[in-house]
Amino acid sequence: YKKPNCKILKLSIIIPVYDAEKFLYKCLESVCKQDLVISDYEIIVINDGSTDHSEQIIADFQKIAENMVYTKQENKGVSAARNAGLAIAKGEFVTFVDADDYINPLSLKKILNYINSYDLDVFYGHMEIFDEYGGHLQKGQKVGECKCVKKGFFHQRRTYPGIFYKKDILRNLNFHTQINFGEDTLFNAKVQSFAQRVSSCDIPYYNYIFRANSLSKQGSSEKSFHGLLIAINDLRSFQNENFYRNVDAKIYFDQIYKIFVARIFELGILPTFNRRKYLKLIKLLKSENLIYLLQDFKTKYPFIAHSFFAFATYQKYLLFKTKIHKLIYRG
């Protein structure tokens, strides 16, 4: 390796780490085995108070990767760790890799060449999804067409994994530390709203490890519910401050609000028919003049905008009907 010189770094890769010893070696190896010279990119590793052997694994990689920047902090959560990385990132572009995921070797040069060729603000890399045992599940959601560039309001979105952001358009945006589920959606939505040039390409790049049980458990917690309410409120304030009465912005942000509302219903309200959470959501949507969003949920959830009693009664009826059909089928 050659030591970095004083030229501008092309890329900062931010990796938050918390008790990731099982996967961390593969992750760090993947970001080191790239086709960029060491002076082109930096690997920022934020140890968020790990209690396992993650720190030793990082130390081993520091001996061979002179472009690694290491910071250790008390456990504050993944959002705070990402923010710590953003605060010191020096690259023209910034991307994030979770410590239990990994990227394809020799993939970054092609991606940066594509980004530079089309003068992009945001780039969506190709993603493959695996289970925690290494089994391939599916390709990641396709986000736009290769060689097609659109303004942020009109380009498809995908949350967190495998996205490259031009640092200049971040405008001091950070991940919200009070949100532990959907914080990546909120961050991405804000950044892309400022982007003038967004594109994607199917260059093999990001490998995401999906853990269904962990995701479901996290998303149904009380903290996650409150975080999703905060996300709606925060995004609404952001929209009003930066894009007040902008028609394109309204269409764009409405789609994101609906993502948060759907998560609240599916993970927070329906599993236990939680009346308290239902009423809190309705109150928030009314206070933010977003109650009209529920119209798009009426087909899936009849009576959604009526009383909680009517909504819950009908959903329970559908569950009962499904159980009866299954019993008849088995018989």
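Student: How many disulfides does the structure hold?

Tutor: A disulfide is a covalent bond between the sulfur atoms of two cysteines. Here the cut-off is a pair of cysteine sulfur atoms within 2.5 Å, and the structure holds one. Cys146 and Cys201 form it, with their sulfur atoms 2.2 Å apart. This is a predicted model, where local features need pLDDT of at least 70 and side-chain atom pairs count only at pLDDT 80 or more, while totals for chains, interfaces and linings use all residues. Residues are numbered from 1 along each chain as its sequence is written, and side-chain values use heavy atoms, leaving out hydrogens and water.

Student: Which hand does the link of Cys146 and Cys201 have?

Tutor: The link is left-handed, with -60° about the S-S bond. Cys146 sits in the loop between strand E8 (136–139) and strand E9 (163–166), and Cys201 in the loop between strand E10 (198–200) and strand E11 (206–210), so the pair ties together parts that are 55 residues apart in sequence. Strands here are DSSP runs of at least two residues (E), helices of at least four (H or I), numbered from the N terminus.

Student: Is Cys201 buried or exposed?

Tutor: Buried means under 20% relative accessible area, exposed over 50%, partly exposed in between (1.4 Å probe, protein chains only). Cys201 is buried at 11%, whereas Cys146 counts as partly exposed at 32%.
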